[in-house]
Structure formats: structure tokens, C-alpha cells
Amino acid sequence: MNLFGNAVPWRSIAREALDRTAIVAKFLCLLHVTNTYVCTPTLVYGPSMLPTLNLTGDVLLAERVSHRLGKVGPGDVVLVRSPVDPRKSLTKRVVAMGGDEVTFVVDPRNSERVRTIVVPRGHVWIQGDNIYASSDSRQFGPVPYGLIEGKMLCRVWPLDGFGSLNH
Amino acid sequence: MKFVYSQQDFAMGTRSLLWDITKKYFTVGLIGLTVSDRYASIVSVRGSSMSPAFNPRSDTNDYVLVEKFCLDKYRFSHGDVVVFSSPSNHKEKHIKRIIGLPGDWIGTPNMDDVLKVPEGHFWVEGDNSVSSLDSRSFGPIPLGLIRGRVTHVVWPPQRMGRVERETNQRPLSSLQDRPEFY
């Protein structure tokens with residue numbers, strides 16, 4: 001049985017391989033478009049959003065439609081690209097929008113000092129729910145709205161916390 | 001043999017043809033959107049803030065190729081031309097040249113003091129200083145606002161070619177250990 005005769009149908013194998021690859025490529029494109037324009041699951045960990053989010057990690061569903069339509073407002077938990085390191089994303093709560101005045105405790109661990117700032121147009125003020133252990137707008141200032149990547153919709157994991165984020 | 005097509009057969013045929021066409025358009029749209037988001041896209045340049053590199057005369061708009069591979073690691077060099085979302089209006093996008101990277105000191109002739117570009121931010125200016133709204137008005141902006149890097153001019157044909165990285169004498173000083181790419 002010679003390999004290079006008509007015993008092995010190379011052409012149909014190649015065609016099938018190409019078809020299967022095309023299906024995988026189309027699926028990956030669908031995955032990309034869904035993750036970027038519809039909704040995406042995100043793993044969030046860290047102490048800065050206690051008690052709303054767990055320290056050891058939650059999987060949240062972030063929807064990626066509202067921020068493009070300008071529908072993000074105060075009180076929303078959002079996914080934001082970090083203004084300090086663009087390779088990282090943060091999850092914080094929007095406290096004030098552009099044009100609003102925000103009053104905040106600068107460093108609650110060490111002093112009671114409060115500051116009031118007007119948020120510039122096109123920017124948002126984000127803070128973690130746990131102000132004692134959160135690096136947010138109190139340290140790096142208001143962030144441009146263009147850094148917002150999505151709004152958190154609900155918790156998916158762990159299952160006992162499934163559902164809306166408001167407790 | 002004679003084939004007789006009923007009215008129902010004809011309607012079913014049209015419907016499945018329409019469905020096929022819709023599926024094809026949908027697939028092409030998905031692939032096009034993915035490629036344009038992750039690899040490269042072509043955008044038109046409006047305004048004269050980057051003259052003479054783009055739109056040297058105000059009659060036509062240049063079309064440029066914007067690559068998105070740089071968004072993986074966010075490694076940029078001085079003189080790169082980038083597309084970024086405006087810090088004051090997230091719906092607008094601007095095209096300017098990077099003058100300062102994180103850690104650089106920036107000084108302009110009409111300012112008496114120098115400014116350090118904070119970590120994670122960058123300083124942009126248009127080539128045509130007189131008609132450019134850039135970091136001289138809105139300050140350093142976060143690297144996260146960048147949407148792509150301009151590599152080539154693709155239209156009009158007489159100006160097709162690579163977009164060169166021009167570095168002039170600014171900034172005053174930059175971190176010596178920062179690697180420059182390409």
C-alpha cells in the first residue's frame with residue numbers, strides 16, 4: 001500500500017482541514033465580537049471592592065453596550081482600564097460624572113481630611129467600595145470616560161452570590 | 001421528466017436564498033470587525049493639525065493604515081503617530097504624534113516650568129503646532145486611550161508610504177533605560 005498513490009485521499013483531507021479551520025476561525029471572530037460589543041465575563045479579585053465583591057475573586061458579567069451609549073452613571077460598578085498601567089483593568093464604582101462636585105476622604109487610614117473637587121467634562125470619578133484599601137481616583141485623579149470598558153451586570157461565580165451586585 | 005414547482009417550493013427557495021445571503025453578510029461582517037479591531041484598519045484623517053505629514057493641503061483627506069498590534073503590550077516610542085479617544089469627549093478620536101512617554105520631562109516655550117509625564121500617561125502634539133488641540137491644552141493623557149498606531153498613508157497614491165517617526169529635540173530628557181521599539 002503506497003502512501004503516495006490513491007490509497008490516501010490527500011486532496012479531500014486538505015479540503016476538510018481547511019473547512020474545519022474556517023469554522024474555528026469564524027467561531028473565534030464571533031467570540032471576539034461578543035466579548036467586545038455585547039458582554040464578557042471578567043475575573044475580579046482584590047480587597048478594594050469589599051464588601052460588594054469578594055477578596056479571593058468573583059466572576060462577573062460585564063456588559064459592553066451602555067458605555068458606548070453614554071449610559072454609565074453614578075453608582076455603577078464599571079470595568080475601567082487603569083490610568084497608571086494600561087495593561088491592567090480595574091473594577092471600581094463610579095461616584096461622580098463630569099461637571100459634578102465630589103467630596104472624598106483623602107486617606108481614611110491616617111486622617112479625616114476631606115477634599116472637594118469638580119470633575120472635568122468628559123471624565124468620571126471612580127472609587128472602590130473599600131476606601132481603606134483601594135487605589136482609585138483619590139490617588140490618580142478623575143479618569144477620562146474613554147477608559148471605561150464595560151458596566152458590571154451581575155455575579156456569575158461563586159454560585160451562592162449569583163445575581164445582582166447590590167446586597 | 002418534468003419538474004413542477006409549486007408556489008410553496010418557490011417561496012421556500014427564496015427564503016433559503018435570503019437566509020444564505022444574510023449568513024454570508026453576517027460572517028463577513030464578523031470577520032471584518034475582528035480584523036479591524038485586532039489587526040489593522042483604515043481611517044480617514046480630518047483637519048490640518050498633522051500637516052504636512054497628513055492633509056498637507058486642505059482639499060483632500062488622507063487615508064491611513066492604523067495597526068492594532070501595539071495595543072497588546074502598549075509599547076510605544078517617541079515620534080509614533082497614534083489614534084486615541086479624546087479625553088474630553090469619548091466619542092471623538094484624534095490623531096497626533098507622541099512627544100513624551102511616562103517619566104519624560106516636557107517643557108514648552110510658552111510655559112515657564114517643566115512638567116513630568118506621569119506613569120501610564122503620554123504627551124501628544126500635532127506636527128502643525130498652530131492649529132493643533134493637543135497635550136498643550138489638555139495635559140498628559142492615559143495610554144489606555146490609545147486605539148492604534150498609524151504606520152502608512154494609503155491614499156492619495158502620490159503620498160502612499162510609511163509614516164516616519166520624527167523625533168525633534170523635545171522632550172527635555174527621557175528615561176535612559178526605556179527601550180525603543182523598531
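Author: We will go through cysteines, salt bridges, cores, strands and the contact between the chains. This is a predicted model, where local features need pLDDT of at least 70 and side-chain atom pairs count only at pLDDT 80 or more, while totals for chains, interfaces and linings use all residues. Residues are numbered from 1 along each chain as its sequence is written, chains are lettered from A and ligands numbered from 1 in the order in which they are written, and side-chain values use heavy atoms, with hydrogens and water left out.

Reader: Let me start with cysteines. How many disulfides are there over all chains?

Author: A disulfide here is a pair of cysteine sulfur atoms within 2.5 Å. By that rule the count over all chains is 0.

Reader: Is Cys29(A) buried or exposed?

Author: Buried means under 20% relative accessible area and exposed over 50%, with partly exposed in between (1.4 Å probe, protein chains only). Cys29(A), at 11% relative accessibility, counts as buried, and Cys70(B), at 5%, counts as buried too.

Reader: And what should I look for in a salt bridge?

Author: Look for a side-chain nitrogen of Lys or Arg within 4 Å of a carboxyl oxygen of Asp or Glu. The count over all chains is 14. One of them joins Asp58(A) to Arg155(A), with 2.6 Å between the closest N and O atoms. Asp58(A) lies in strand S2 (residues 58-63) of chain A and Arg155(A) in strand S9 (residues 148-157), so the pair ties together parts that are 97 residues apart in sequence. Both Asp58(A) and Arg155(A) are buried. As for the labels, helices (H or I, at least four residues) and strands (E, at least two) are DSSP runs, numbered from the N terminus.

Reader: Which residue forms a salt bridge with Glu149(A)?

Author: The partner of Glu149(A) is Arg81(A), again with the closest N and O atoms 2.6 Å apart. Glu149(A) sits in S9 of chain A and Arg81(A) in strand S3 (residues 77-81), so this pair ties together parts 68 residues apart in sequence. Glu149(A) counts as buried at 15% relative accessibility, and so does Arg81(A) at 18%.

Reader: What about chain B?

Author: There, Asp80(B) forms a salt bridge with Arg149(B), the closest N and O atoms being 2.8 Å apart. Asp80(B) lies in the loop between strand S2 (63-67) and strand S3 (81-85) of chain B, and Arg149(B) in strand S9 (residues 146-155), so the pair ties together parts 69 residues apart in sequence. Glu67(B), Asp80(B), Arg149(B) and Arg165(B) are linked in a network of salt bridges.

Reader: Now the greasy parts. Which residues touch the most other members of the largest nonpolar core?

Author: A nonpolar core is a set of buried Ala, Val, Leu, Ile, Met, Phe, Trp, Tyr and Cys residues joined through side-chain atoms within 4.5 Å. The largest has 26 residues, of which Val124(A), Ile126(A), Phe76(B) and Phe122(B) touch the most other members. S3, strand S4 (89-97) and strand S7 (123-127) of chain A, together with S3 and S7 of chain B, each supply at least two residues. S4(A) gives the largest share, 3 residues. A second, separate core of 11 residues includes Phe54(B), Val83(B), Val153(B) and Val163(B).

Reader: How does S4(A) sit among the other strands?

Author: Two strands pair if DSSP finds at least two bridges between them. S3(A) and S4(A) run antiparallel and are joined by 5 bridges, with Leu79(A) opposite Thr91(A) in S4(A). S4(A) and S7(A) also run antiparallel, joined by 4 bridges, and Val94(A) stands opposite Ile126(A) in S7(A). In S4(A), 7 of the 9 residues are buried.

Reader: Last, how do I read the contact between the chains?

Author: The size of an interface is often given as the accessible area lost when the parts come together. Buried area is that loss (1.4 Å probe) for two parts put together, summed over both. Chain B and chain A bury about 1800 Å² between them, 69% of it on carbon and sulfur atoms. In chain B, Leu30(B), Ser88(B) and His90(B) lose the most area to chain A, together 24% of what that side buries. Contact means heavy atoms within 4.5 Å, and here it takes 21 residues from chain B and 21 residues from chain A. Across this interface of chain B and chain A, the rule finds 0 salt bridges.
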